[in-house]
Amino acid sequence: MSIAKFKDMGLDVAAAEAMPEEVSQFKVVTRRFFRHKLAVGSMIVLGVVILIAICAPLLSSFSPTELEVGSDFLSPGSRSEDGRLHLLGTDALGRDYWARIIYAARISLTVALSAQLIVSCIGIIIGSVSGYTGGVIDIIVMRAVEFLLTIPALPLLLIISSLIIQNQDAIPVPELIKNFLAKLLLIQPRDSVQVFLLIVVLAGLGWMADSRLMRGVVLSLKEQPFVEASKAMGASSARIIITHLVPNALAPMIVSASLGLAGFIIYEASLSFLGFGIQDPTPTWGNMLSATQSYMFQHPWLPLVSGTPIFLCTLTINFIGDGLRDALDPRLKL
Amino acid sequence: MVNYLIRRIFQMTIVLFFSAVASYALLNLAPGGPLSFLGSVQTRLNSEDIARIRAYFELDLYLPYRFTRWLAGIPNGPLTIGGNAYFANNIVGCRQPIEESFLNESGTYVTRTIGCKEGQYVTMADLVGRKTSKGIIRGDLGVSWQMLRDRPVTMLITSRLPRTLQLMSLAYLCSILIGVPIGVYAAVKQYSKFDYVVTSFAFFGTSMPTFFFGLLMILFFGILCKNWGLPYLPPGNAEAIKPYVIPLIGNVDPGSLLDKVLHLIMPVSVLAMVTIAGWSRFIRTSMLEVLRQDYVRTARAKGLVEKVVIAKHALRNALIPFITLVVFTLPGLFAGAIITETVFNWPGMGRLYFDALSRTDYPVAMALILITALLTVIATLLSDVLYTWADPRIRLS
Amino acid sequence: MKTRKAFAVLSVLMMLAFVLSACATQPVAEPETVEVIKTVEVEKVVEKEVVTTEVVEVEKASFTTPHPILSDVRVRQAIAYCTNNEELINSVYPWYPEEERANLIMHTSIPRISWAAYYGDEVQKYDFDPEKGAALLDEAGWTLPEGDTQRYNEAGDPLTLKFTTTSAEFRKTWGAVFTQQMADCGIQILPLYTPGSWWFGSNSGLRHRDFDLGAYAWVGETDPKGQTLYACNQIPLPTNGWAGQNYMGWCNQTASDAINAANNSLVRAERQEQYKIFQIEFAKDMVSLPIFQRAEGNAATKDLINFKPSATEYYTWNAYEWERADGGDTLVLALSQEPSSMWSIIESSAVQRTVAWLVFDYGSLGAASQVDYDFQERLFKLSTVEEGLTVINEVEVKEGDPVVDFSGTPTDADGNLLTLVPGLKVKQSDGVDVEFTGGTVKMNQLVVTYETAEGLTWSDGTPVSKADFELAYKIDCDPAIGAVDYSICQSIQSVDFTGDTGYVVTYKPGYMAALSFLAPINIYPAHQVLSDGRVLADVPSTEWSSLPEVAETPLGVGGYVITNWEKGVKMELEENPYYYKGPLKIKKIVIVFVPDTQQAVAQLLTGDVDVIGSETLGAGPEVQTVLDNQDKLQVLIEASATWEHIDMNLFVP
């Protein structure tokens, strides 16, 4: 069985030495990916969701914050006082559900995707370095992770949120990021500071589990023959981590990321409850979802309205992840 | 191995100590605090009244002393050696601090304590005769401030713990018994209809919040089924208060086994549903990884029956990373599930912790945090040890 | 080995950091070293204190800087005119009967049903009128540029205000509507929904007046009170340790004098007159905009007869009249929280009071019931002047005699008991406030006789006796028990325990508190023998709060006795055979703790629970659910004593 690994190795070395090879390998992967029908389908669905998010202002005549007291919980398809159509009905304040969902898509997707990206990167770097090098670094990193896991989240978040509430105008956020987020999400620059901080806090709280996961995978990979062989051939640690460990550990990381994405969308809502993050009336999928809780007995289907896009996004991202992994795996014939 | 364990336990103690320091500091520095209620009391309070209330919550002592008193019950008076009292005049706190408000860089006012009113210092000698716990490391969790005022924290924990253990262990057991086979089967039949259904279900489970499933079940199996005259499930509590009749089943007495089982069904299903969703996904992935490994192919090539390949070669290896996940339910067994317990009114630890935090009952919250932290570090150690046991290629150093 | 060293270094570093960080905020906390250094440290701090008094003086000036926008009364009135209260009510209480919604609107700080409310023509009303609001804003210099939606002043600053409140769902709801209403008037609102722990925290948010517009609720009481909320000397400042609840920083001398006078008089007509003056000023200055009285719902099974909840009393106040139409003798109540103790002096939550009515036959201290914003006699008679139980004596007071000051406070700011000294402002017997200069001054002194209802007997069969009053006076006025407020104890000059049915209290000269007709001293079962053999009267006060006989299964004179308390789950109560209003129709009451409203409603609908009071049901969408089931339930909806309002901060920061 070790022979197969050596072959695999050889291919990688060759790829690194000859650029044209690499390009063709990329082509191979793309071709393999496009054979995966479900992944392609998912990509289209996700693309549509993103497109809807981008074109939100064109797709609804309502503004997401436009309210009409008295026309609460109109059923889908009913019309507002001036005759416009509520595609998905209205919420407790008579705000148009469809408009809120599509505007929320911008914020929720941006927040969740960037937070998850940061978390995965941190996880991969810390996990692989600590797992591969071992020794003092491993002990310190892992004990630090352990320490952070024991810190209760709620009081910590309360402190962070009170610091942010008190100093939110004094926190230096690069103008570039601020204005970019404001334009992207169609919100005030002042609120975009909060979005930025929210992403940072979410990432700061979420990276521990992923780095533990990565470390575990790396620990078992580094004892495998192909790594030992690579070491014997004189490859540097950095090279081994980048070319062998990271690609081989991608599968569990993708799964964890696609599961984590939904978590971040919902988590964001609980943070806005603590006073930072995105506050009502600005809609996010998360805060729309949690706002439905007290109406469950009268309108039990309400959570589905804002829950469906979350479900759709995580499911499709997962299928795309599946397709990617299959395409990347040379042992699999597609 | 013994060396490794000793070293790890030593490290664990240090991590735990830092965790205790950090959690204690966090709780005490977080906004709110036990004095918040004074804002809603529509009576006049003079500074002496406030000083007395601060003293009840030990807020008249400086944070490090409060911490050591909570941790080890010291200092509880001057150090007495051979009849001589030392450090009797050592200042450990202040009854009436002087506060100053100043403008910070961002243009808002921040209040800071800058000193102590004359004659209001608390010295070591003043600590004699004060109520104090023996310290959490000597097994005394102290007394509750708000939830069961002035009565032991252990009373609160012992009243909730059995119920939480019951709920959580059942839920985890169901999750393993259902989640593992589902995950394995989905991996073996990758890209089959079954696989798609399971995947969709799993993502639905993680996308929708717990309260959605909980309240939906209460509405349907509790309220509506009862209204329709069908057999229904009690909407909440761990036991009934008075006897009730369920169509087709008959009379149920409070406290009977049937009563307890009926009350368990909904919370356990909700908890298990959410856990199964994540776990089956996890098992499926690691199973897929393993199934692609060369030794599985070799085993197949040797002509072994597929069932044997899966059960003997693949499953064992696929379960290795899963062990880590399962071991980390250990703190969860103790800490409970806040939302599920609240939705189903299950008198457990999750609700206790949440109430303790929201009602600023710090002795209770700290005891729970510390015990959970202890279980977390134990779980970490356990998962590392189990890893090596299951995968001989990993060496502990 | 290496790792161990690294850890040792790291832990020392962390320890240092911890100690240092503690030092930063609290200058004298430091590791135990040599004693000599310590004394030096202390001196340093004292020195520092002297320096900082100057700093504090400077800070005082900072809080006298008027708010750039809200200090203008026209802006405040414009905000009031631009607020459509009815729409706000509609947004949070869509289930509230439409024709009664107007009753939830308040024009002053006192709900319309109270005897002290004055809503006459002199009180300026701010009915929804955006045009009037716009005119006022124009007049104040905040103009609307052509084609713009927001107002600016001459300097080009936008009219933008922070709106701070909690993240409670219903506040977010009416907050969103309010934001829109203000936007329609050209005022931009920046909503800030903060955690309650920050907004109501003891050193953040409201207490430190960190807001422009701040929304929260006051729990209205039976007596309108108001002294700590609106008097000039109740403005929280950094200099006074943020004491007081006048968070707006509002000082209107006329209003302040009126509210002080209204709280220190025994004659209702006189109090009404003073409250009227106060309310006129309150409405005119518009420093605190009343939004609405909250609504609240109580629900019970149709079988329960005589279920009479009231906005100002806990619904168990008339449990002795309760009866089941189906002939049953057991009733299950749901409470949103577990009482932390049954000892009423240290636990004052609504849930404790709800149970206290059953066990002790009183809710609040004072032992009278408070239905519909007024007092009714219960355990004790109402010792009013009209009943002849209160006597006002004119006495001559000389320097050094114990007195209370003009506002009825028995202590100075440091908590020392007041005696008559030159410079102290006191109320003369003719009602005029004077500063004492020497000699003697004529003041009023109250002598009040308090009498119990007839036939009070403890649930073990022992009749209430003189020793029970004596024990209550001894314990309740002991600072060691951990109660919050001792001002009544400190206002008492002497008590004469005359017999088994009452006592006579002589208050300090000058004490004219409006509520002095309520019994200040209760009863404790002095004869009760504890499980360890001691008698309750002999137990030191410091031990009381942890005694099971006090905190969990107390003896009472009320209709029910707690027989079992399963922590975190339920309480079981059984009829007290010696109850003075007995015998009772409902023999057994079980109280279950259900924090989640939806769960409580579900249990009510399935019949597991018979009653949900307003403290559990609240006023959320769940009320609609119970209203939809009126075939099985009786649902009583009323205006709560709690009222939402927006405080406007008159000073920066």
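In chain C, four strands form an open sheet in the order E10-E13-E15-E14, with antiparallel pairing. Strands here are DSSP runs of E with at least two residues, helices are runs of H or I with at least four, and both are numbered from the N terminus; two strands pair if DSSP finds at least two bridges between them. E10 (390-398) and E14 (492-499) of chain C stand at the edges with a single partner strand each, so one side of each has no neighbour in the sheet. From one strand to the next, the twist averages 20°.

This is a predicted model: local features need pLDDT of at least 70 and side-chain atom pairs pLDDT 80 or more, while totals for chains, interfaces and linings use all residues. Residues are numbered from 1 along each chain as its sequence is written, with chains lettered from A and ligands numbered from 1 in the order written.

E14(C) pairs with E15 (residues 502-507) of chain C in the antiparallel sense over five bridges, and C:Asp496 stands opposite C:Val504 in E15(C). Helix H12 (residues 466-476) of chain C packs on the sheet and touches E14 and E15 of chain C; its direction makes about 160° with that of E14(C). Such angles run from 0 to 180 degrees between N-to-C directions, with axes fitted to C-alpha atoms, for helices over the stretch in contact.

| Chain | Residues in the contact |
|---|---|
| chain B | 47 residues |
| chain A | 45 residues |

On the side of chain B that touches chain A, H1(B) gives the largest share, nine residues.

Notes. Contact = placed C-beta atoms within 7 Å.
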